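Thanks for coming. I will take the domains and then a few strands, and I will keep it short.

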Amino acid sequence: MKKLGFLVNPVAGMGGRVGLKGSDGAEILRKARELGAVPQSSRRAVQALQVLSGIKDRIEVTTYPGEMGEDGARECGLLPDVIGAITKGATTAEDTVRAARQMADHGVDLILFAGGDGTARDIYKAIGQRIPALGIPAGVKIHSGVYAVTPRHAGDVAVRFLEGKLKAQDAEVMDIDEDAFRRGTVTAKLLGYLRTPEDRRFVQRVKSGSVRPALPGIAADVVGDMKPGWLYLVGPGTTTRAILDELGLKNTLLGVDVVLDRCLVASDVNESDLARLVADRPAIVVLSVIGGQGYLLGRGNQQLSPAVIRKVGKEQIVVVASKEKLVSLAGRPLLVDTGDEELDRMLSGYVKVTTGFREYCMYRVG
Amino acid sequence: MGRDQATLLRKFHQARWDEPIILELSVPGERGILVRKVEKGVRDEVEDGIASIPESLRRSVPPKLPEVNQVRVLRHFMHLSQETMGTDVTIDISQGTCTMKYSPKVQEHIATRHPGMAEIHPLQPDISLQGLLEIIYKLDCFLQAISGLDRFTFQPGGGAQGVYTGASIVRAYHAARGDVNRTEVITTMFSHPCDSAAPATAGYKIITLMPDDLGYPDMNALKAALSERTAAIFITNPEDTGIYNPRIAEYVKAAHDAGALCYYDQANANGMLGITRAKEAGFDLCHFNLHKTFSVPHQCMGGSVGAVGCRDELKKFLPVPRVGFDGKRYYLDYEANGSIGKVRSFFGNPQSLVKAYAWILHHGADGLREAAECAVLNNNYLEKKLKEVPGVSVRYSADKRKLEQIRYSWEKLYEDTGVGTEDVMRRMADYGLQHYWMSHHPWIVPQPFTLEPCESYSKDDLDEYVAVLRQISKEAYESPELVKNAPHNQVVHKVPEPSIDQPERIAVTWRQYLKKAAK
């Protein structure tokens, strides 16, 4: 019998419809309620859970009381094991963290949670990579890669994962500082990686032959083209991590590492050090596509500042991503938001994305 | 069970023999055929025939072949045939991009049983192979007329090998001009995957173009990708979407302006026979899959052929031997100056050439055009009927007429009911239809399925096919679990999905199977 943890952040998404760009914090929630916002996430969570009611005889559902999961589970005809306690109508991020941690302690195989980037951040804080988790999109901000495309899709992926048909992979947990965002500046952080069931909508589904993982091929391609005497500024992400793995070097998953002649010259470098490094050597910047929205620059890699990018030059940017990742953007362009509009304009057009060993894809940067 | 004439649905149940693997039927000592002892006269002449093989090459232990009597062998294969849903059993419009048209049985008789085919050997002197050589020579002439190009080779044993041959010719062409820095080939996301895989095998770096909003390859992306490093573009038209690209000449011109060659993957040319040609579109090379457009059955039912054609200036790079005609007799020309060499032994798959030759002769020029027109008409009729089925949509250029095939989507059905394309596919078998082809990878159209009705199928066939999909859509909305747990009336209830991509569970030989099963 598989165990599912079901968790709803009941206030996720409330800030969205009333234009508050997020719902983090008690004060913003009060404002959202004043503006007439109503909870959205429970309804979306129920849409996902309805898919799971099809296998209800084969799973045990563990959830938190009331609006944090119990209500939704009962609405779907499930008989959940309810743990913990909450103050109804006044749940906070601490409740999410505590609930996720208790579910993991309870031995669930997967936490299916409804929320936004803030919720993913709380879940990550609670469980890290202990057990897999999958998001039902219900929040205002969905930059993290841990969310399914739609609530129903989340239910379907959860079913297939619990049936043993899908494996878990690393997916980005990202968050934007809401206060700064309201003031007009975006500071998105890549916080880490949750284990998330692999969404197989866009991956190779083989008729015959074997699945060829893209990452080693991408890494081999980049490493094979490395020029002596050039600096390689390798940005954050799991795709770029494969490049340092290929070189046998230690990597900073969430930061920028610098490689010269196949040796690591600096780890997790900040903006000013990067600027100093590129001042007197030719350099190449290696970027991966970050988060579910397709950002190349400006989300989770602000160290690669406009000054650094300008010095290095547009032609010296190598973008790496699997074909599946590009396809999952559903035709939307890759995005750059460096904070320097002229630079953003300069970077727009087409970029040759490395998608495998000696395989590339022309992709639009908007 | 017969078909209900009102609903066009049938209650089908497949024969459930669950036939063992033939090696499991083996009984030690049992024989299907007793091979006669060598006669004395022969033995005196060649001894036992084995002594001449060096001892180091001789087996010390006989191979572990299955020991089964003849009747059981026959029964075995009959059972297997009843457990399949092949093209001669069902309405096979499911395999979009594959052009599963009817292959007239008379062709099978000519190609495989006629003594002129059944009793010849490729190493006979060419003077004694005049009939076959004439067919090959004239088939070349037919395809020249159909494509507008100047010369064909029939050696490649399939479409992908044809593309590989094309990529090899591209390389030979640039090398002969001393232009050795052209290392990149450009193709598109909706072209067949072999348009990237085969040139990659031939040593090229591959750049893929994504589709634009209308489903065409992104023209601006092509312009951004073209450079002095581009060796060629390999492109299909129409692509898997079935939308004819009216601007194809612009793509070709842009590539030519960059000094690249243009290869037209016309593996499936069923929507354009007698209507458009590679030459007028400006292409330098093309290939036809004789096992698609020209009615030859696909691989398991007869060898496939990727017939590659090119312009005059590329002729010298074609594989050898080529078939020539001096006005009196046909001959094999081994003149290899510039040739990329052989890509397959002897004539490739000559039986398939005979079938394609017969098919073209049956039809004549007007017949070929009519076949294309019927295929397009059938496809557009099918689209109109299918768009009325709840849950079905067409992702790109939904309002445009298509050519011979269309990539549809069950995205809406999936959003509404949670039933996806794989579920529908498995359920079809319960109504006596073969599963459909979903899509090449990665999926760009969500929950895809690709249908291609060809000219072979009647309106009644198409209506039955639509009736089945409509019924499954209805089931999905009313009782999704029924569809998700399909098939219900098949030999194997449901093949667990992960097992086919877990190398530790794949066994392609009996020995491997025993080894892995023991674990």
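Before any distances, a word on terms: the domain bounds I use come from an automatic or database domain assignment. Also keep in mind that this is a predicted model.

With that, chain B. Its assignment gives domain 1, residues 22-82, and domain 2, residues 111-361. Between the C-alpha centres of domain 1 of chain B and domain 2 of chain B there are 41 Å.

Chain A has its own assignment, with domain 1 at 2-197 and domain 2 at 214-365. Over C-alpha atoms, the centres of domain 1 of chain A and domain 2 of chain A are 31 Å apart. Where these two touch, domain 1 of chain A puts in 15 residues and domain 2 of chain A puts in 13 residues. On the domain 1 side, β6 (168-176) and β7 (188-197) of chain A each supply at least two residues. Which element gives the most to that side? That is β7(A), with five residues. Sorted by class, the side of domain 1 of chain A that touches domain 2 of chain A has seven nonpolar, five polar and three charged residues.

Staying in chain A, look at strand β13, residues 317-320. Ile317(A) and Val319(A) point one way from β13(A), Val318(A) and Val320(A) point the other way, and all are buried. In a regular strand the side chains alternate between the two faces of the sheet.

What does β13(A) pair with? One partner is strand β11 of chain A, residues 283-288, which runs parallel to β13(A) and is joined to it by four bridges. Another is strand β15 of chain A, residues 349-356, paired with β13(A) in the parallel sense over two bridges.

Last, back to chain B, for a sheet. Three strands form an open, antiparallel sheet in the order β10-β11-β12 of chain B. The edges are β10 (393-394) and β12 (448-451) of chain B, each pairing on one side only. Strand β11 of chain B, residues 406-409, pairs with β10(B) over two bridges in the antiparallel sense. Within that pairing, Ser393(B) stands opposite Ser409(B) in β11(B). Helix α10 of chain B, residues 350-387, packs on this sheet and touches β10, β11 and β12 of chain B. The direction of α10(B) makes about 5 degrees with that of β11(B).

That is what I have for today.

How values were computed
Residues numbered from 1 in each chain as written. Chains lettered and ligands numbered in written order. Predicted model: local features only at pLDDT ≥ 70, side-chain atom pairs only at ≥ 80, totals over all residues. Contact = placed C-beta atoms within 7 Å. Nonpolar A, V, L, I, M, F, W, Y, C, P; charged D, E, K, R; others polar. Pairing = 2+ DSSP bridges. Axes fitted to C-alpha atoms, helices over the stretch in contact; angles between N-to-C directions. Buried ≥ 20, exposed ≤ 12 C-beta atoms within 10 Å, placed from the backbone.
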